[in-house]
Amino acid sequence: MKIAFIGYGQVGAPLADHLQRIGHEVTLAAKDPTSDSVRKALARNASLGVAAPKDAVRDAEVVFLATPFQANEAAVTAIADELRGKILVDCTNPVGPNLSHGLNNAQSGSAMVQALVPDAKVVKAFTIYGFENFEDSSYPAYDVRPVMMYCGEDAAAKTTVGDLIRQLGWEPLDVGGLNQALHLEHMTLLWVRMVRVDGHSPNMVWAVLKR
Ligand SMILES: NC(=O)c1ccc[n+]([C@@H]2O[C@H](COP(=O)([O-])OP(=O)(O)OC[C@H]3O[C@@H](n4cnc5c(N)ncnc54)[C@H](OP(=O)(O)O)[C@@H]3O)[C@@H](O)[C@H]2O)c1
């Protein structure tokens with residue numbers, strides 16, 4: 001599958017790397033192909049492609065958005081035409097002062113992204129843990145796979161993203177429509193405070209048990 005990445009820092013680079021290694025054609029959508037983040041991503045995996053943002057996104061079936069939340073508007077509106085009809089995996093989180101919700105709980109970050117590019121199929125995923133878990137998604141002491149919760153409005157887009165999640169080693173859990181994104185963003189804040197403030201392991205993830 002052809003996949004483009006907008007943002008390839010702590011979150012985007014390991015996901016891009018892993019997706020390329022399992023057989024996808026992954027391209028960094030680069031405003032500046034000589035930037036530090038392009039250089040670092042290519043040092044991690046020299047088989048990643050690099051193209052101008054419009055070209056990378058036009059050619060992709062799935063686009064990952066892994067930019068700082070404040071950069072989302074500039075990043076997606078610049079390629080709004082190319083994003084039309086594309087699956088847009090929103091990996092971003094709005095984080096406010098003292099680990100509050102960055103949009104004061106008024107709406108989710110993903111709803112804001114969807115409003116910026118209404119013709120894209122936004123699926124929120126890869127947000128509920130820190131980047132350490134995207135660098136290595138194996139938890140060998142357990143028989144269950146760690147869960148990756150995701151949500152969005154478009155069923156076919158969610159099937160595609162669920163497949164990618166499974167290929168990356170996670171158990172995909174579709175938690176519903178994009179109205180669930182606000183709750184996933186709070187799960188992120190829960191994880192971040194537990195790990196970054198209270199000292200829990202950054203390799204802590206959740207699992208789903210059913211009967
Ligand atoms: N860090 C985590 O553990 C974690 C976990 C889950 C989700 N998230 C969320 O994931 C997102 C990315 O976090 P991160 O830690 O990966 O950030 P990061 O390491 O700072 O990387 C950000 C990336 O976005 C690019 N970027 C910045 N402004 C841009 C713009 N206007 N247009 C296009 N690209 C732009 C940067 O490229 P340049 O450097 O070339 O500008 C860089 O490649 C955030 O929204 C964060 O809340 C983070």
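These legends describe close-up views of a predicted model.

Residues are numbered from 1 along each chain as its sequence is written, and side-chain values use heavy atoms, with hydrogens and water left out. Because the model is predicted, local features need pLDDT of at least 70 and side-chain atom pairs count only at pLDDT 80 or more, while totals for chains, interfaces and linings use all residues.

**View 1**
Eight strands make up an open sheet of mixed pairing, in the order 3-2-1-4-5-6-7-8. Strands and helices are DSSP runs numbered from the N terminus (strands are E, at least two residues; helices are H or I, at least four residues), and two strands pair if DSSP finds at least two bridges between them. The edges are strand 3 (49–51) and strand 8; each has a single partner strand, so one side of each lacks a neighbour in the sheet. From one strand to the next, the twist averages 30°. Strand 2 (residues 25–29) and strand 3 run parallel and are joined by three bridges. Leu-28 stands opposite Val-50 in strand 3.

**View 2. Helices packed on the sheet.**
Helix 6 (residues 109–116) packs on the sheet and touches strand 4 (62–65), strand 5 (87–90) and strand 6. Contact here means heavy atoms within 4.5 Å. The direction of helix 6 makes about 165° with that of strand 6. Helix 9 also packs on the sheet, where it touches strand 6 and strand 7, and its direction makes about 150° with that of strand 7. Axes are lines fitted to C-alpha atoms, for helices over the stretch in contact, and angles run from 0 to 180 degrees between N-to-C directions.

**View 3. Thr-188 in helix 9.**
Thr-188 is found in helix 9, which spans residues 181–197. With a relative accessible area of 5%, Thr-188 is buried. Buried means under 20% relative accessible area, exposed over 50%, and partly exposed in between (1.4 Å probe, protein chains only). Leaving aside residues up to four places away in sequence, Thr-188 touches Asn-93, Thr-127 and Ile-128.

**View 4. The largest nonpolar core.**
In soluble globular proteins, nonpolar side chains tend to be buried together. A nonpolar core is a set of buried Ala, Val, Leu, Ile, Met, Phe, Trp, Tyr and Cys residues joined through side-chain atoms within 4.5 Å. The largest one has 62 residues, of which Phe-5, Phe-64, Leu-83, Leu-88, Val-89, Phe-126 and Trp-170 touch the most other members. Helix 9 gives the largest share of this core, six residues. Among the residues that Leu-88 touches, not counting those up to four places away in sequence, are Val-63, Leu-65, Val-76, Leu-83 and Val-113.

**View 5. Aromatic rings around Trp-170.**
The structure holds six aromatic pairs. Rings of Phe, Tyr and Trp (its six-membered ring) pair if their centres lie within 6.5 Å; planes under 30 degrees apart count as stacked, over 60 as edge-to-face and the rest as tilted. Tyr-129 and Trp-170 are stacked, at 5.4 Å centre to centre with 15° between the planes. This pair links distant parts of the chain, 41 residues apart: Tyr-129 is in the loop between strand 6 (121–124) and helix 7 (132–135), and Trp-170 in the loop between helix 8 (155–167) and strand 8 (171–174). Tyr-129 counts as buried at 5% relative accessibility, and Trp-170 is buried at 1%. Tyr-139 and Trp-170 form a tilted pair, 6.2 Å centre to centre and 55° between the planes. Tyr-139 lies in the loop between helix 7 and strand 7 (147–152), 31 residues from Trp-170, and counts as buried at 16% relative accessibility. Ring pairs link Phe-5, Phe-64, Phe-126, Tyr-129, Phe-134, Tyr-139 and Trp-170 into a cluster.

**View 6. Salt bridges.**
A salt bridge is a side-chain nitrogen of Lys or Arg within 4 Å of a carboxyl oxygen of Asp or Glu; the count by this rule is 12. Arg-44 bridges to Glu-135, with the closest N and O atoms 3.4 Å apart. The two residues are 91 residues apart, Arg-44 in helix 2 (residues 36–44) and Glu-135 in helix 7. Arg-44 is partly exposed at 37% relative accessibility, as is Glu-135 at 42%. Arg-58 forms a salt bridge with Glu-82, the closest N and O atoms being 3.7 Å apart. Arg-58 is in helix 3 (residues 53–59) and Glu-82 in helix 5 (residues 80–83), so this pair ties together parts 24 residues apart in sequence. Arg-58 is partly exposed at 45%, whereas Glu-82 is buried at 13%. A network of salt bridges links Asp-55, Arg-58 and Glu-82.
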